[in-house]
Structures are given as C-alpha cells and as structure tokens.
Amino acid sequence: MKAMKVNLEGKTVRSYEIHIGTEILDRMGMIIAMNRWAERYVLVTDENVGALHGERVQAALEKAGLQVDRIAVAPGEASKGVPTLLTLTDRLTALGADRQTALIALGGGVVGDLTGFAASIYLRGIPVIQLPTTLLAQVDSSIGGKTGVDTAAGKNLLGTFNQPKGVFIDIAFLRTLPDEMFRSGLAEVIKYGIIESPGLLDDLEGAVASGGLRETAFLERIIATACRIKKEIVELDEQDRGLRRILNFGHTVGHAVEAASGYALSHGESVAIGMVAAARLSERLHGLPAGDAARITALIRSVGLPDRIPAEMDLEDIISRLSLDKKKEGGTIHFVMIRKLGTPFVNGGIPEEILRDALKGLKP
Ligand SMILES: NC(=O)c1ccc[n+]([C@@H]2O[C@H](COP(=O)([O-])OP(=O)(O)OC[C@H]3O[C@@H](n4cnc5c(N)ncnc54)[C@H](O)[C@@H]3O)[C@@H](O)[C@H]2O)c1
Ligand SMILES: [Zn+2]
C-alpha cells in the first residue's frame, strides 16, 4: 500500500493522507482505529455498492474495534439532492450520531459529494473519510474536498469545501465496476495525462495495446499518478481561485454536450468529446502540434470513448449552453487549452465563429 500526503498550507490539522492499494480494508480499519478521528462511525453508501461491498467494509472496520452503523441511499445522481440529504441527516439523528461521530463515504462521486456535504453541515460539521469505489471517484471526486448537492436549478449549486480526514483507495472495488462506468473514469485519467503527464498517456496507450486496462498493477500505477497530480493542484489552489481551473480541460464543451444530450451521454463520454474539441482548438489557436491532437483523439477512441458529437445532436443547442456558461462566468468562458502535452493554460475568450467551426468538425 502506498500513501501520499495532501499538504494544506499553514493548517497542518487539515492535511491528510491518500492511501492506495489493493485489498487494503484491514489496513484501513487499523489506520482509522489508530487515528481516533471519532468514537463511532456511520458508513454511508448507495444500495448498489452497499449490496456488493457494504458488509465486507463494515466487517473490516468492526474487526479493528470500531463501532459502525450503515445507511444506504438510492443509487444515481437523483440522490445528490436536498431531499436525500435531509433523509440522510434525519437518519443520522435517529441513530444518535453526535459530534463524536464520523461519516465514511463508501461509493462513487454521488455518495462522496452527498456524504461530504452532510458531514460539513451536520451539527456544524463532523469528520468524513472517503472510500471511493468508482474510477472517477478514486482519481477525482474523493480528493480535494469539494462537496455538493444539486438543486432544481442546477448541479452542485449547494456545496462546501470540506477536506476529508483520509482517503482510502482500494483498487479491488473496481472489479465489480461496469465497463461503462470504468470508461467514464478513464476520461478523467486521460485528462490528467494531457494537462500534466505525457508519461501517463504512454502508459494508457501501452495498456490499450496489451489489453491490460483493467489489470491491477496498471490501475494502481495510473491511479497513484492521477491522485498525485490532483493533490498537487489542490495544494496550490484549494478554493478554486485559479490554477484548479486546469482540471476543467475538456469540461467546458463537455458540460454543454452532457446537458444538451439530456444526460444521455455520461460525464466521461461528454468530457471525452470536450477534450477532442479542446485539442482541436489548441491546435488551431495555440500551436499544439497536429500529431498531439491526433494522438489524444486516437487514445480516446481506443478506450471506447466517443470522439465525435452524436449525429442527432443540435450544434446550436450546445453553443447556446456555452453562452449560458459565459453569462454565469461574467462574460468570458474559460477554456483550458494546451500549447503542448503537459502545458495547460486558461484562454479567456474564443470567438463564437471559431468555436462553431471546431464543433462542426466534430460532427460525423
Ligand atoms: N467533488 C468533486 O470534486 C467531484 C469531481 C468530479 C465529479 N463529482 C461528482 O461525482 C458524481 C459522479 O460520480 P460517479 O461517476 O462515481 O457516479 P456514481 O456515484 O453515481 O456511481 C456510478 C454508479 O456506479 C455504481 N457503483 C459505484 N461503485 C461501484 C462498484 N465498485 N461496483 C459496481 N457498481 C458501482 C453506483 O451505485 C452508481 O450506480 C457527480 O455527481 C459529479 O458531480 C464530484
Ligand atoms: Zn469531470
């Protein structure tokens, strides 16, 4: 098992460790028991993950001498809302959860965001530990302390910055993850390669060639690299005031495509399309070598993610959603571009005609 520390400046007490390994539940139990973050724990999960892994996780924690209750919410983004949040906090109250209680989020980004948010407001804040079970949660949402729930008006409109006490990434959880969800997480891993680590892209290309994308040693390696990149960015810009924006590579067009598809496209699929768009724009506007843009597109396609906007989707709908973003951000859309692989920067304004042209090029 590997560990890396997220160092949050000047506030030692908020720094925490990310533990990465395979079959690490017993070690995790011991580490949690040793740290005495709380006197009792509530494992929050969703019904899918609870059925697959809940008992095993609870047993490992109890074996370490911890008192553990378990709550499962319905799976899916619909649970990341205020009604489920209130059901969760009511159930915590019914269980007698007090300020000596900590929450453990066992699940994907939905459970992680919901539990992290609940922990930051329940009794004015109790500790949370992240135990991510999707590839996306393991490389992205469990690290960095952003929490959120959706409202009728939009995604993540309520949220806090609430760093966990620790993150435990057990690769073994990924064995039960459906391929489609796995690919969605791969999109974020590819993103880290593009913005920070061409070596990660080499590694991904090698695994595609050998058919080893789901092999344990490979996963441990790429997840560790992804976590290192994310935590270094978070250390420099915890509250998302600037640098953290580079993590949005592919996400500007991605979010617009995701919404325009009525969420028929997954987040990963949408970001994949957005990354191809960003690579093409980087090539056209900022001198990214054509070979690099083509390499990004080929990798995306080779892992089974889309590199084109579906034929039935309306380009003008996507563009109007991008303009909506523009209003939200005060007149400019922040596009993350790259000059070369590993060198991202934020371009504060791309003329609509160039954008339309680039998107047209992504139609089949
Ligand atoms: N806080 C952040 O910084 C941040 C970053 C990125 C994304 N997010 C949020 O993350 C959410 C998406 O997360 P997600 O993609 O993990 O989706 P998710 O949590 O909905 O999980 C996807 C599905 O996989 C199932 N599942 C989870 N782990 C499994 C496993 N090991 N085996 C089998 N099935 C499993 C879940 O039950 C669910 O049905 C979004 O709400 C997004 O806003 C947050
Ligand atoms: Zn994303």
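Trainee: Into which domains is the protein chain divided?

Mentor: In this predicted model, the chain is divided into domain 1 (2-177) and domain 2 (187-360). Their centres, taken over C-alpha atoms, are separated by 27 Å.

Trainee: What makes residues of domain 1 count as being in contact with residues of domain 2?

Mentor: Two residues are in contact if their C-beta atoms lie within 7 Å. By that rule, 18 residues of domain 1 are in contact with 16 residues of domain 2. On the side of domain 1 that touches domain 2, the elements giving two or more residues are β1 (2-6), β2 (16-21) and α5. Helix α5 provides the largest share, four residues. By class, the residues of this side divide into twelve nonpolar, four polar and two charged.

Trainee: Why is D46 called buried?

Mentor: The term requires 20 or more other C-beta atoms within 10 Å of the residue's own. D46 has 23 C-beta neighbours inside 10 Å, and therefore counts as buried. This residue lies in strand β3 (residues 40-46).

Trainee: Which residues does D46 touch, beyond those up to four places away in sequence?

Mentor: D46 touches A72, V73, A74, P75, S79, G107, V110 and V111. Of these, consider V110: D46 and V110 are 64 residues apart in sequence, yet their C-alpha atoms are 8.7 Å apart in space.

Trainee: What makes a set of residues a nonpolar core?

Mentor: The members must be buried residues of the listed nonpolar kinds, joined through C-beta atoms within 7 Å. The largest set of this sort here has 110 residues, and V44, L103, I104, M275 and A278 are those with the most contacts inside it. Helix α10 (residues 267-286) contributes the largest share of this core, nine residues. The core also draws at least three residues from each of domain 1 (2-177) and domain 2 (187-360). In soluble globular proteins, nonpolar side chains tend to be buried together.

Trainee: Which residues does A278 touch, leaving aside those up to four places away in sequence?

Mentor: A278 touches F249, G250, V253, F335, V336 and M337.

Trainee: How do you know that a residue belongs to the shell around ligand 1?

Mentor: The C-beta atom of the residue must lie within 6 Å of the ligand. On that basis, 28 residues surround ligand 1, the closest being N48, G108, G109, T134 and S141. Two or more residues of the shell come from each of α2 (47-63), α4 (109-121), α5 (135-141) and α6 (179-196). The shell divides into ten nonpolar, twelve polar and six charged residues.

Note on methods. Residues are numbered from 1 along each chain as its sequence is written. Chains are lettered from A and ligands numbered from 1 in the order in which they are written. This is a predicted model: local features need pLDDT of at least 70, side-chain atom pairs count only at pLDDT 80 or more; totals for chains, interfaces and linings use all residues. Ala, Val, Leu, Ile, Met, Phe, Trp, Tyr, Cys and Pro count as nonpolar, Asp, Glu, Lys and Arg as charged, and the others, Gly among them, as polar. A residue is buried if 20 or more other C-beta atoms lie within 10 Å of its own, exposed if 12 or fewer, and partly exposed in between; C-beta atoms are placed from the backbone. Domain bounds come from an automatic or database domain assignment.
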